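Reader: I have the model open and would like to know what stands behind the labels. Could you take me through them?

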Amino acid sequence: MERAKAGRGGLWLLKGPGGIGKTWLMRQLEGVAVGEFGFEARWAYAMEGLPTPFFLLDQLFRLPVRTPAGAPEDPGSGGEGALPTLLFLEDDNPDRILSMAGGVADARPLLLTRENPKSYRERFPQLLQRAQAVWLTRSEGEGHLAPTNLDEVGELLGQHLQTSGPQGLVVLTGLEYLLTQNGFVPTLRLVQHVHDQAEESGGHVLVALRPGTFEPRERALLTSEGEVRSPRAPGEEERDGDPDAPLSLRVLRYLDRMEQSVRARPQLLLLDDLQWSDPLSAQALGLLLRHAPRWPMLVVASLREEVTAETGEVPAGAPGAELPAIQQVLETLVREGTSRTLNLGGLAREETEQLCRTLVPVGLSDDPKLFDELLRRTGGNPFYLREVVLEGARTGGTGLAAWLKEAGANEGRATRPDAGPVDLPRSILRLVGQRLSALTSEERRLLRTAALLGSTFDEGPLAATSGAPSSSGVPELLDRLHRKHRLLEPGRDRPGTWTFAHPFVWEVVTRETPSMEMREQARAFAEWFAEHRSDDVETVARFYHRAHVREPGLLWTRRARDRARRLQAGQAMTTYVRWTLDLLGTDGNERTERAREELLLAEALGMGGKVEASLKVSRGVAREFPTGELHWRARIAEVEALNEVRPKEGAERLGALLQEIAPVEATLPTELRVDLLTLASDVEMMRGDAEKGASLARAGLDLLPPSEASRGRALLLDHLAWSRLKQGRHEEAMEAFREGARGAERAGELALKAFHLNGEGAVLYTKGNLLAARTLLEDAATLSRAVGDELNAAIHLLTVAWVLADLGESARSRDRLREALRLSERFEQYRPMYDAHEGLALLDGREQRWEEARTHLQTALEVAQRAEMAPRTARAQALLAWLEGELGDPGAGLRALPREGSLPEGRMERIRSRLLWLAGRREQAVEALRRSLASSTTLPVPGLARAEVQVLLGRALSESGLAEEGRRLLEEGTAALRAMGLRHPESVPWV
């Protein structure tokens, strides 16, 4: 900009994705240029179908411009170029006069139109933001005016001009409608009346005049008091024999007046949407820009990269048919060094929020997740972002939040394969619909077929099943949909794959696919995948479900359901069970089969954290089947769901169930008895009775043959191992974990094998072998991710993170915690979500990042309370109390500690000791540490806990005058921690 002001100007060419984004960026540049560099800013908008840049030059140098306070009058804005009081624009396209009105800065427009103003708001947002719009219509409503009531029309227009003064502007695009409703003479009187009012107030009247509407005599009478402008087609421009012909004399005059203007004051010209330039206009623009480097003028021009791409296949007469001309001019300017090209990508996170708040200054949520989700859904495409935000603003902030929530669920196709497209803003539907309307029937059908495969798809099944004349025709059609229509993009990772240009395009195409066509094509896809890619059971199941083909659909959907169950993927399992129920129908003969599927649905819902929904399903089955195996299975499912969130109630229900089932237990199938013992073992361990939990697990194992490798046996061994670990019987726990891992692998239960590896690592961790534990725990997380069990990978990653934190590897620990948090939030799993927030808070505390720690702890507390997890709620409250002390108020922290017994004594006393120490009550702090040391054997990792408290107590005693005892404890603790692999054992954090 400094170069431009010094007389060495040029062109900045902004290329990128469409719409509001480039305009918005140019607005930012305008603010800098006018505010810091003293430029005179001139705006011009090009639109599809308008002759540009002649029309842009009309706006820039024949209409008044915004003049900064204290600046001299612009010589380019007066004389011949000044806006007359009454101007008729004779043109077939009334949109031109609206664009002209949009170029009149600081005006207060009143738009009187035959067309519903709602249709203008998306085409002329800059004008309609400051305009009052009135619709000439016989229907009643706000903003409506009857065309036959000319007295009221004249009074409205006159009052607007009088109250607005020199800024008053009347834009009339419904003149012909007034003529047909009232006759010529009354219409003429109305125009004369409004003209008189404009003369008196200093305002302006712009009237759209369609050629051929009026007889010559009527036209002469109507326009006698005003000025008529009629944009000529390029071939009709005046010529003067200039060697640059066919450039018009008018363009040359503009350049002369432009030079006068920029010599008086540096100019910033902002030209939007150059892609609509016709060939002659492109030459005129090239001539203008060749002068720019010699003038104190900076031109910032924008165009859509996807529109200006050379295709060679744009139909004649369609928008963009002549685009290579403007592209050629711009490339010449780049080669000559007179311009810079700035390739714009999607908006960044900060730019997304800034643009949203520019579009909707008040009413948007302050939640940062809102803008993160907007950026993710729109891909940073400014046009889509604008439309989504404005649509949300029209329906209120809750409408936008609800749309994003539904859209986010729709995007999670790995866990929600049944999700369909969500509602999109009307403007996006219309824009994409216009692009689709340009397709041939063959192209359109292929695009719909491709959309069934997903937003990203493989060319292979499409070519084999699309019904195209030959497979070679499909690649050609796909290439045309890419190069010509910009609806598809070739995949970057693998040849032969394609992706829709934007997820919104895919959603619109999916929406318009006829149901019968979808079913036929879905069946063809299902059969192709079943034959060629039978290992992809989820895809085969999805297409059979869409095709609603019963027998093969049930077979493949159940296979997909069983795999999701093995991977503990609750949401995916929920989907596949519901698909199975869809295919079964409601036939009374299938009542038992449906009930079994509904019990699997209850299990899946509980697995996915939807506990209340799970309870509703299981209780419904129990009522429908008051006796028999299905009744007991429904009761077991109810206890399993309660055990996740309300363990006390779950234990009570289990006790009642055991009493009721005892008389008939011996007659029940072995599988059901094993499931009951597994559940009972789990409940007892959660109540803290590890010995009873172990005995129940052993009883379940005794019912199964020792050689059997099954899911049930692997689960029982897992329960037995954890029971032994809680009892401190490490070798027995290690052997049970190893046996369980071997059995799970033989049974194909690799997700359960990862759990056993995690348990084996936990044994090593408890024994103080941190380095070996880290290796096994990393293996467990890696295996879970390898088999697609991302949910339990989060749990394993948490354990890895704790070990890494103890080893002093804070950065790697933080990475694991963040990944675990992302996975647990995606699957709405509260326990790992809580643990991840707590771990991040403790890491922040070690680095004295107190505010970040507080944010994580408060979120952890909310999660624990929402999930009714009493022990974790107490932990979060205790840690928040500790944080109060670190922030300077240990007294408040002591008062905020949860009640006795809500936490293991060793952990509570450790936090209490820190608060007492910060409060200056050192003797009491030492006593609290001694109690924590005595209780360390009851903590989950007793060896590590004891060594850490020894270090803390040793430091406290040394500072309290008991140097000898302090030195001994410090040496013992440091040596123990060093043996575990800690890098800095002397710097153990207090909490």
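Author: Two strands pair if DSSP finds at least two bridges between them; strands (E, at least two residues) and helices (H or I, at least four) are DSSP runs numbered from the N terminus. In E8, Val 207 is the bridge partner of Phe 88. The model is a predicted one, where local features need pLDDT of at least 70, side-chain atom pairs count only at pLDDT 80 or more, and totals for chains, interfaces and linings use all residues. Residues are numbered from 1 along each chain as its sequence is written, and side-chain values use heavy atoms, with hydrogens and water left out.

Reader: What joins strand E3 to strand E8?

Author: Five bridges join E3 (residues 86-90) to E8 (residues 204-209), and the two run parallel. The pairing rule asks for at least two bridges, so E3 and E8 are a pair. Both belong to an open sheet of seven strands, in the order E6-E5-E4-E7-E8-E3-E9, with parallel pairing. Its edge strands are E6 (144-145) and E9 (227-229), each pairing on one side only.

Reader: Why are E13 and E14 said to stand at the edges?

Author: Their sheet is open and antiparallel, with three strands in the order E13-E15-E14. Strand E13 (456-458) and strand E14 (488-490) each have a single partner strand, so one side of each lacks a neighbour in the sheet. E13 pairs with E15 (residues 497-500) over three bridges, and Phe 457 stands opposite Trp 498 in E15.

Reader: What makes H28 and H29 roughly antiparallel?

Author: The axes of H28 (residues 591-607) and H29 (residues 611-624) cross at roughly 155 degrees and come within 8 Å. Axes are lines fitted to C-alpha atoms, for helices over the stretch in contact (heavy atoms within 4.5 Å), and angles run from 0 to 180 degrees between N-to-C directions. Angles under 35 degrees count as roughly parallel, over 145 as roughly antiparallel, 65 to 115 as roughly perpendicular and the rest as oblique. H28 and H29 are therefore roughly antiparallel to each other.

Reader: How do you know whether Ala 651 is buried or exposed?

Author: Buried means under 20% relative accessible area, exposed over 50%, and partly exposed in between (1.4 Å probe, protein chains only). Ala 651 has 14%, so this residue is buried. Ala 651 is found in helix H31 (residues 647-661). Leaving aside residues up to four places away in sequence, Ala 651 touches Val 683 and Arg 687.
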